[in-house]
Amino acid sequence: MAKIPSPRLELITRTAMRLIASRGLRGLTHRAVDQAAGLPPGSTSYHARTRARLIEVTLRRMADEEGVLEESVLMTADHDLGTLADLVAEFTHTAIHRDRDRMLARYELALEATRRPELRPLYDRVGARFRALARTVARALGSPDPERHARDLIAWADGVIFDSVAGAASACPPSLAELRRSARDLLSAQAARSPRPT
């Protein structure tokens, strides 16, 4: 279970996430977070003394939020292909619409992690949540190669999300019904290649 942050830290990390999404990492400063969150000057630096620490606590909060989603998948891991496809589609749809800022911040941080090696381990721990989700789905399908099928699922979801929030499809992202059809097609193909053992 993810640790629940204090209301003040929750506000700071959510504001930092929005600033990264809208301004990029260059726009992330302690003063900018204080101003955007409506906090007294110095509030953000009290909780995260350095900029590196501010990025770290924001990344950790993103990981915690994705951990909640992972738990919901684990609870449905024994369901049939249709249920799993619906779950994948709903996750993707939520990422595109409700969690757009978080996804944009994630892409910004991914690029920054390629330039700053000290961020890579922490960013990769955030990404590990997605990989765990995908492996859970692959195993539920009876895949003998859950690592490969997980990569396929991640490539599909990441591609659709990126195209819908930052790419050419951002003006007209897919509907939940479209995502359900696509997820079902993908998982059906994996299940066909990997029948559940009898």
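Mentor: Helices (H or I, at least four residues) and strands (E, at least two) are DSSP runs, numbered from the N terminus. By that rule, the elements run α-α-α-α-α-α-α-α-α from the N terminus on. That gives nine helices and zero strands.

This is a predicted model: local features need pLDDT of at least 70, side-chain atom pairs count only at pLDDT 80 or more, and totals for chains, interfaces and linings use all residues. Residues are numbered from 1 along each chain as its sequence is written, and side-chain values use heavy atoms, with hydrogens and water left out.

pLDDT is the predictor's confidence in each residue, from 0 to 100. Its mean here is 85, and 87% of the residues reach 70 or more. Helix α4 (residues 51–75) has the lowest confidence, at a mean of 74, and helix α2 (residues 30–37) the highest, at 97. Where pLDDT is low, the predicted coordinates should not be read in detail.

Now to our part, α7 (120–140). Take its length first. The expected span of a helix is 1.5 Å times one less than its number of residues. For the 21 residues of α7 that comes to 30 Å, and the end C-alpha atoms are 30 Å apart, so the two agree. Yet α7 has a kink of about 25°, centred on V126. The bend at a residue is the angle between axes fitted to the seven residues ending there and the seven starting there. Just after α7, G142 takes a positive phi of about 85°.

Next, burial. Buried means under 20% relative accessible area, exposed over 50%, partly exposed in between (1.4 Å probe, protein chains only). Of the 198 residues of the protein, 47% count as buried. In α7 the buried ones include V126, where the kink is centred. Among the others are L122, Y123, F130, L133 and V137.

V137 leads on to the core. A nonpolar core is a set of buried Ala, Val, Leu, Ile, Met, Phe, Trp, Tyr and Cys residues joined through side-chain atoms within 4.5 Å. The largest one has 28 residues, and V137 is among those with the most contacts inside it, with V88, L153, W156, I161 and L187. The elements giving two or more residues are α5 (81–96), α6 (100–115), α7, α8 (146–165) and α9 (176–193). Helix α8 gives the most, with eight. A second, separate core has 26 residues, including L19, A37, L54 and A110.
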